[in-house]
Amino acid sequence: MKVLSLLLASSPLYLANGFTIAPKTSVTTSSATKMSMTSSDDSSSRRSFITSSTASAAGIITASAFTLAGTPLPAFALADPNYKPKYDDLRAIYELAVTLDRLAEKCADPDQFEAALSGVRAFNKSPSFYPGYARNFVSKSVKANAEGDPRVGYVKTASSTISGLQGLLEGREGLTGAEASEEAVKRVKRSQQLLAKFLGESGVTDEKVVAFVAAHP
């Protein structure tokens, strides 16, 4: 129980599927050491980002942007030798990876930088969520030092890269216009490749995951 308490204490309590803000949460543990999460403001936070993330051809903002309302954190438990990786346990990371295509589209057009920035700024309110999510997933099968697992490192680097887009798109890195656009798209694509490495080494064989990995070597 002491080990579990330390692991829970180190886990970021954040639920999102795109660039949403970390909600305030409460944590309870059952005898099976599962984590449950409740939030009073996650829905409003997700909605606030949805309006800046995806537009239809008619210019109408849709709710499919970078978010998946209600995606759970992977059930938190100590390493289980019989654990079989499941899609639901890494769904949020998969959805982030897929929907980064929309961010790349905005970054590719200097006229849409502000739309891209809206999402990145929201993401930066809790940039450590995805590394924590990845660590929780890995800890289900790794007995010790899940934090040091290379797969967690992929997600950390991807999250850091996404966070850094704010300074780039705001012009604080000395690049503007087409140059900033080109660099931003490169960073988004690199983030997708890193997330694909995580997914590819996750052990999950869901066809959606396999297809994404194959498309982002």
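In which sense, left-handed or right-handed, does H3 pass H9? In this predicted model, H3 passes H9 in a left-handed crossing. The sections below place that crossing in the context of the chain.

## Overall architecture

The protein chain contains nine helices and two strands. Their order along the sequence is α-β-β-α-α-α-α-α-α-α-α. Of the 217 residues in the protein chain, 47% are buried.

Among contacts in the protein chain between residues at least 6 apart in sequence, those joining residues at least 24 apart account for 69%. The accessible surface amounts to about 10200 Å², and carbon and sulfur atoms contribute 54% of that area.

## Helix H3 against H9

Helix H9 spans residues 207-215, and its axis comes within 11 Å of the axis of H3, with a crossing angle of roughly 45°. At this angle H3 is oblique to H9. On the H3 side, the contact involves Tyr 94, Ala 97 and Val 98, while H9 supplies Lys 208, Val 209 and Phe 212. Classified by residue type, this contact of H3 with H9 comprises five nonpolar residues, one charged residue and no polar residues.

## Helix H3 against H8

Packed helices are described by the angle and the distance between their axes. For H3 (residues 91-107) and H8 (residues 177-200), the axes come within 9 Å and cross at roughly 170°. H3 is therefore roughly antiparallel to H8. The crossing of H3 and H8 is left-handed.

From H3, the contact draws on Ile 93, Tyr 94, Leu 96, Ala 97, Val 98, Leu 100, Asp 101, Leu 103, Ala 104 and Cys 107. H8 contributes Ser 181, Ala 184, Val 185, Val 188, Lys 189, Ser 191, Gln 192, Leu 195, Phe 198 and Leu 199. The residues of this contact of H3 with H8 comprise 15 nonpolar, three polar and two charged. Tyr 94, Ala 97 and Val 98 of H3 take part in the contact with H8 and also in the contact with H9.

Ser 128 lies in the loop between helix H4 (113-123) and H5. With a relative accessible area of 41%, Ser 128 is partly exposed. The C-alpha atoms of Ser 128 and Ser 159 are separated by 7.4 Å, although these residues are 31 residues apart along the chain.

Conventions. Residues are numbered from 1 along each chain as its sequence is written. This is a predicted model: local features need pLDDT of at least 70, side-chain atom pairs count only at pLDDT 80 or more; totals for chains, interfaces and linings use all residues. Side-chain values use heavy atoms; hydrogens and water are left out. Helices (H or I, at least four residues) and strands (E, at least two) are DSSP runs, numbered from the N terminus. Buried means under 20% relative accessible area, exposed over 50%, partly exposed in between (1.4 Å probe, protein chains only). Contact means heavy atoms within 4.5 Å. Accessible areas come from the Shrake-Rupley method with a 1.4 Å probe; for residues, only the protein chains shown count as cover. Axes are lines fitted to C-alpha atoms, for helices over the stretch in contact, and angles run from 0 to 180 degrees between N-to-C directions. Angles under 35 degrees count as roughly parallel, over 145 as roughly antiparallel, 65 to 115 as roughly perpendicular and the rest as oblique. A crossing is left-handed if the near helix is turned anticlockwise from the far one by less than a right angle, and right-handed if clockwise. Ala, Val, Leu, Ile, Met, Phe, Trp, Tyr, Cys and Pro count as nonpolar, Asp, Glu, Lys and Arg as charged, and the others, Gly among them, as polar.
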